[in-house]
Every structure is written in C-alpha cells, then in structure tokens.
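Here are some notes for a colleague who is opening this structure without having seen it before. The points run from the overall shape down to single residues.

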Amino acid sequence: MAPNELYQYSTLNALMEDVYHDGIPVSAVSKSGNHGLGTFKDMDGEMVIIDSTVYQMQAGGTIAEADPNTPVPFVQTTNFSPTITKEVPSISKDGLTAALDELAPKAKNHFISVRMDGVFDTVTARTVAKKTPEQKGRSLAENQVVKTWHGVKGTLIGFRSPEFSQGLSVAGSHIHLISEDRKMGGHVLDFQAHNIKLQIAVIKNMHLELPENDEFAAAKLVQTDEDIKAVEG
Ligand SMILES: [Zn+2]
C-alpha cells in the first residue's frame, strides 16, 4: 500500500453480527501497513499496530506480539507517514475532534490517521474477552475488562472516520492505547493528557477487502448509529 492509504478487512457491522470466526492472518495484516487497529478471531482482545509490530492485548492483561498465523476478522491499517505534526499542550478525547478539525479543516469527509505520543494523565481503555460460541456480538459490553490508568507513558494509535462510514467503520475517532513498556493497552474510551505529540495524515484512498466466507455471506449488515455507539463508545 502507498503511504497514507487505508486498508480495511471486513466491516465493523459484520463484526457486530458475529462475523469473527475467520479472517486474514496476522502475517497479511503486517504487510498491509505499519499503523492500525483491529481484533482477533473470536474477539480475543484488541489489536494495535505500532511501528509495524502487531500486538494482541487480551482481557486477562496479557500483551504480546501477535502470532503470525492468528486469523484477523477486522482490521484497519495504513502506512502512516504523518503530514502534520503538532505539540499539543492539553488534549482530551472530546477535544481530539476539535484538534483534528483545526489541523485538517477540509477533512471532515475523509479518514484521518492519528498518532499521539506522550504521558497520559488518565486513560480509560477496554479490552474485549474472547467469545464463547453462545455469545453474540451485542453482549460485548458484558464481555470486556475496563481499566483506568494514571500517568501512562505511551502511544494512542487510530483513525477518525467520516460520518458517512458508520457501519463500514466507526464514525468518529477510534483509537487504541499501548504503553511504552508494552504492559498496558486497549480500546480507548476516554483520556486526558498534556504535552502530547500529535501526528496525523489525511486519507483519501481506501482498499476494502471483504471476507469470502459463509458467515459474511449470511450476515444482515444494517445497524443504527445507536447500535454501533453502544458497542464502540
Ligand atoms: Zn477498538
């Protein structure tokens, strides 16, 4: 993939319809980009791709480099080459949208790749727990571990997706945390930080690869905004 193009495998609403038993291997994800996020077969934790390394962050607290053979049912990656870098004195999750609007005022209808490095005063993140066969996607809220940390040195990695992409992606900011010591991380629900290095790139090309399996073929892919917000926060 050329720099600052989005690669995506499957769709967010497919994941919500339990299309997570199969996917492309981690080895293919590694080749698709150096920056990104996703999940693993059976929703076994959160994925973050930082500087070309794919990490699996499991609900039990284990964080490790992902096995190259593990199937990935949903992922978004890019070959991140930041075009705008700014030292931000103070930023929160809610303030991120305003900061992106200011830095990239013509990108409301584009995807934006986002990276923030620094010390996070507080950060709350969740990690999904591996699904049993009886569980459905919408029980995700009951099947996750949420933790809040203070003074975490680390990196937030993710994307802001345009409103029109809700369902295909998660409209708005979707970011994952990994600490510098690789001991903490997850899907970010909230954060507050100061003196952060914010790097972004506007994305105007995407490559969407759709699963070729029976689950995806049978899935009914219509969710409301509320359905997705309830799951993805
Ligand atoms: Zn996430």
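1. What radius of gyration would a compact globule of 233 residues have, and what does the protein have? The model is a predicted one. A compact globule with 233 residues would have a radius of gyration near 17 Å, and the protein has 16 Å, so the value agrees with that of a compact globule. Along the principal axes, the C-alpha atoms fill a box of roughly 50 × 35 × 35 Å.

2. The protein contains five helices and 14 strands. Of its 233 residues, 40% are buried. Contacts between residues at least 6 apart in sequence join residues at least 24 apart in 75% of cases.

3. An open sheet is built from seven strands, with mixed pairing, in the order β6-β5-β4-β3-β8-β1-β14. At its edges stand β6 (63–65) and β14 (206–209); each has a single partner strand, so one side of each has no neighbour in the sheet. From one strand to the next, the twist averages 15 degrees.

4. Within this sheet, the pairing of β3 (residues 35–39) with β8 (residues 74–78) is antiparallel and runs over five bridges.

5. The largest nonpolar core has 54 residues. Which of them touch the most other members? They are L15, M47, V48, I112, V123, L177 and V188. For V188, contacts beyond its neighbours within four places in sequence are with K93, V123, A125, L156, I175, H176 and L177. Two of these partners, V123 and L177, are also on the list of core residues that touch the most other members.

6. Two residues deserve a check of their backbone angles. Most residues other than glycine have a negative phi. S10, which is not glycine, has a positive phi near 65 degrees. S10 sits in the loop between β1 (6–9) and α1 (12–16). Is S10 buried or exposed? S10 counts as buried because 26 C-beta neighbours lie inside 10 Å, the cut-off for buried being 20 or more.

7. N195 is also a residue other than glycine with a positive phi, here near 50 degrees. N195 belongs to strand β13 (residues 185–203). N195 has 12 C-beta neighbours inside 10 Å and therefore counts as exposed, since the cut-off for exposed is 12 or fewer.

Notes. Residues are numbered from 1 along each chain as its sequence is written. This is a predicted model: local features need pLDDT of at least 70, side-chain atom pairs count only at pLDDT 80 or more; totals for chains, interfaces and linings use all residues. A nonpolar core is a set of buried Ala, Val, Leu, Ile, Met, Phe, Trp, Tyr and Cys residues joined through C-beta atoms within 7 Å. Two residues are in contact if their C-beta atoms, placed from the backbone, lie within 7 Å. Two strands pair if DSSP finds at least two bridges between them. Helices (H or I, at least four residues) and strands (E, at least two) are DSSP runs, numbered from the N terminus. Axes are lines fitted to C-alpha atoms, for helices over the stretch in contact, and angles run from 0 to 180 degrees between N-to-C directions. The radius of gyration is taken over C-alpha atoms; the globule rule is 2.2 Å times the number of residues to the power 0.38.
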